[in-house]
Amino acid sequence: MLSGTFALGVGDVWRKKYLNEGIDEQSLLTITLFLTGILLLPVLLVVGFPEIKQGFWLPLLGTIALNLISQNLFIRAFKLSDASLIAPLRLIIPPIVIVTGFLFLGERPSMLGALGIVITMIGLWFLLFKKEDATLKRLTARLKDRGILYGLIGSVLFAISFPLDKLVVVRSSALFGTFIIFSALGILTYLVNVLVKPKFNEFLGKVLAKDLRALFLIAVASSVGIFLTNQALNYSLAAYASSLKRLQALWTIILAGAFLKEKEIRRRVFATIIMFLGILLSVLMK
């Protein structure tokens, strides 16, 4: 999970860079989703396809349907609103996964594990916001902002799909699950865009001609990161894994600070200490 979330953080920074530069977000989403999955096909051909266990197909269809919506909503959210408003919305995912993990998987985190998840979220909140920002009031006041609404809905859908991702992984493999989910998401995202945007192929062609190498690198980071974080689902409860996966936000902020010259290092170090205390409770005290 540590190495996987780092790779996802790298992908986030690159993705945000190109969104800021005005790249068509649907073209970016379509290409990177498809490549994230298809890049794993050569590895699958070498290691072999796994046994597909009973109860695989329904969770697969469920997580593809949910991610088709949530991936689209989140990239639109980042396009429409400030990252400082959208990124914290992911903090609602682990507490919700406590509920969805119980409903779909019958998993029950210990009290200390649940407390650790809450502490981790508090740490990430400090990481993302200054006290004087009055963030809760600002979020409440801006609930009519489409970016905020898209991010909230997307986060809830991610929390519902997370246990389904685990079912896909344990009933096949992380490699195969990542390949089939994201290849399908890329194809479906393309088909939806072609239907609703008559000139989408034109936009897609321009993006491929101009930024293919960059999008390929984003997809490589995403492919490695999602495979590794999915592999971690074999070894932990969904709620704990979801909490650890929020490290993606930490790596994104650190890398953005390094490459985009962001500041406030002391506050981030303090928040990181809080966050790791929560992670230790979640993982070591379960």
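The axes of helix α10 (residues 174-196) and helix α11 (residues 200-232) come within 11 Å and cross at roughly 155°. In this description axes are lines fitted to C-alpha atoms, for helices over the stretch in contact, and angles run from 0 to 180 degrees between N-to-C directions. The helices themselves are DSSP runs (H or I, at least four residues), numbered from the N terminus. This is a predicted model, in which local features need pLDDT of at least 70 and side-chain atom pairs count only at pLDDT 80 or more, while totals for chains, interfaces and linings use all residues. Residues are numbered from 1 along each chain as its sequence is written, and side-chain values use heavy atoms, with hydrogens and water left out.

Because of their crossing angle, α10 and α11 are roughly antiparallel to each other; angles over 145 degrees count as roughly antiparallel, under 35 as roughly parallel, 65 to 115 as roughly perpendicular and the rest as oblique. Residues of α10 including F182 and Y190 meet residues of α11 including L204 and F227, where contact means heavy atoms within 4.5 Å. By class, this contact of α10 with α11 has nine nonpolar, five polar and no charged residues. Ala, Val, Leu, Ile, Met, Phe, Trp, Tyr, Cys and Pro count as nonpolar, Asp, Glu, Lys and Arg as charged, and the others, Gly among them, as polar.

A second pair is formed by α4 and α9, which pack at an angle of about 150° with their axes 7 Å apart. The two are therefore roughly antiparallel to each other, and α4 passes α9 in a left-handed crossing. Their contact comprises 16 nonpolar, ten polar and three charged residues.

Both partners contain a kink. In α4 a kink of about 25° is centred on N67; in α9 one of about 30° lies at S161, shortly before the proline P163. The bend at a residue is the angle between axes fitted to the seven residues ending there and the seven starting there.

Helix α4 (residues 57-80) also meets helix α2 (residues 25-38), the axes coming within 10 Å and crossing at roughly 140°. These two helices are therefore oblique to each other, and the crossing is right-handed. On the α2 side, E25, Q26, L28, L29 and L33 meet Q71, N72, I75, R76 and K79 in α4. This contact divides into four nonpolar, three polar and three charged residues.

Notes: A crossing is left-handed if the near helix is turned anticlockwise from the far one by less than a right angle, and right-handed if clockwise.
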